[in-house]
Amino acid sequence: MTKNPFINAISALAYIILVVSVMNFVTQPLKNKPDTFFAPVTVLTVLTLSVTVMTFLFFYKPFTIFVDGKKKEAVELFAKTVGIFAIFTILVLILLSTGLL
C-alpha cells in the first residue's frame, strides 16, 4: 500500500465499511427467506477476499521494506498501521456503546 500508516489503516476501515454496506444492500430483499446452500458459500468467499485485501493493506508494504533490508522501518510501519487501526476500532466501539452509532 503506502508508507503512511494512517492511509493504510483508513483504507482498511473504508474496505470494511464498503463490504458491510454492500452486504446489507444485497441481503435486504432476502430478509424473510430461509438461508440456502449459498449463504455459507458467500460468507466464506467474502471472508477469503477480506483476508486477502487486509493482508495487502497491512503486510505488503512492510514486507517489501523488510525484503529491502530495512527491518526496523518495516516493523515500525506495520506496528503503526495496526496501532492506528486499533484506535479506529476502539473509537467505533465507544461510539456504539454510547449509542451514537
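Which residues in α1 meet which residues in α2? Select Asn 8, Ser 11, Ala 12, Tyr 15, Ile 16, Val 19 and Met 23 in α1. Contact means heavy atoms within 4.5 Å.

**Before you go on**

This is a predicted model, in which local features need pLDDT of at least 70, side-chain atom pairs count only at pLDDT 80 or more, and totals for chains, interfaces and linings use all residues. Residues are numbered from 1 along each chain as its sequence is written, and side-chain values use heavy atoms, with hydrogens and water left out.

Helices (H or I, at least four residues) are DSSP runs, as are strands (E, at least two), numbered from the N terminus.

**Stop 1: α1 against α2**

Two packed helices are described by the angle between their axes and the distance between the axes. Here the angle is about 165°, and the axes of α1 and α2 are 9 Å apart. That makes α1 roughly antiparallel to α2. Axes are lines fitted to C-alpha atoms, for helices over the stretch in contact, and angles run from 0 to 180 degrees between N-to-C directions. Angles under 35 degrees count as roughly parallel, over 145 as roughly antiparallel, 65 to 115 as roughly perpendicular and the rest as oblique.

The crossing of α1 and α2 is right-handed. That word applies if the near helix is turned clockwise from the far one by less than a right angle; anticlockwise is left-handed.

Now colour the contact of α1 with α2 by residue type. You get 11 nonpolar, 3 polar and no charged residues. Ala, Val, Leu, Ile, Met, Phe, Trp, Tyr, Cys and Pro count as nonpolar, Asp, Glu, Lys and Arg as charged, and the others, Gly among them, as polar.

**Stop 2: Ser 50**

Pick Ser 50 in helix α2. Is Ser 50 buried or exposed? At 16% relative accessibility, Ser 50 is buried. Buried means under 20% relative accessible area, exposed over 50%, partly exposed in between (1.4 Å probe, protein chains only). Leave out residues up to four places away in sequence, and Ser 50 touches Tyr 15 and Val 19.

**Stop 3: α1 against α3**

The axes of α1 and α3 come within 8 Å and cross at roughly 45°. The two helices are therefore oblique to each other. α1 passes α3 in a right-handed crossing. On the α1 side, the contact includes Pro 5, Phe 6 and Ile 10. On the α3 side, select Leu 77, Lys 80, Thr 81, Ile 84, Phe 85 and Phe 88. The residues of the contact of α1 with α3 divide into 11 nonpolar, 2 polar and 1 charged.

**Stop 4: Phe 85**

Stay in α3 and centre on Phe 85. Phe 85 is buried, with a relative accessible area of 19%. Not counting residues up to four places away in sequence, Phe 85 touches Ala 9, Ala 12, Leu 13, Ile 16 and Phe 58. Next, draw a line between the C-alpha atoms of Phe 85 and Ser 11. They are 74 residues apart along the chain, yet separated by 9.6 Å.

**Stop 5: the largest nonpolar core**

Select Ala 9, Ala 12, Tyr 15, Val 19, Met 54, Leu 57, Phe 58, Phe 85 and Phe 88. These 9 residues make up the largest nonpolar core. Such a core is a set of buried Ala, Val, Leu, Ile, Met, Phe, Trp, Tyr and Cys residues joined through side-chain atoms within 4.5 Å. α1 (5–27), α2 (38–67) and α3 (71–97) each give two or more residues to this core. The largest share, 4 residues, comes from α1.

**Last stop: Phe 63**

Finish on Phe 63 in helix α2. Phe 63 is exposed, with a relative accessible area of 53%.
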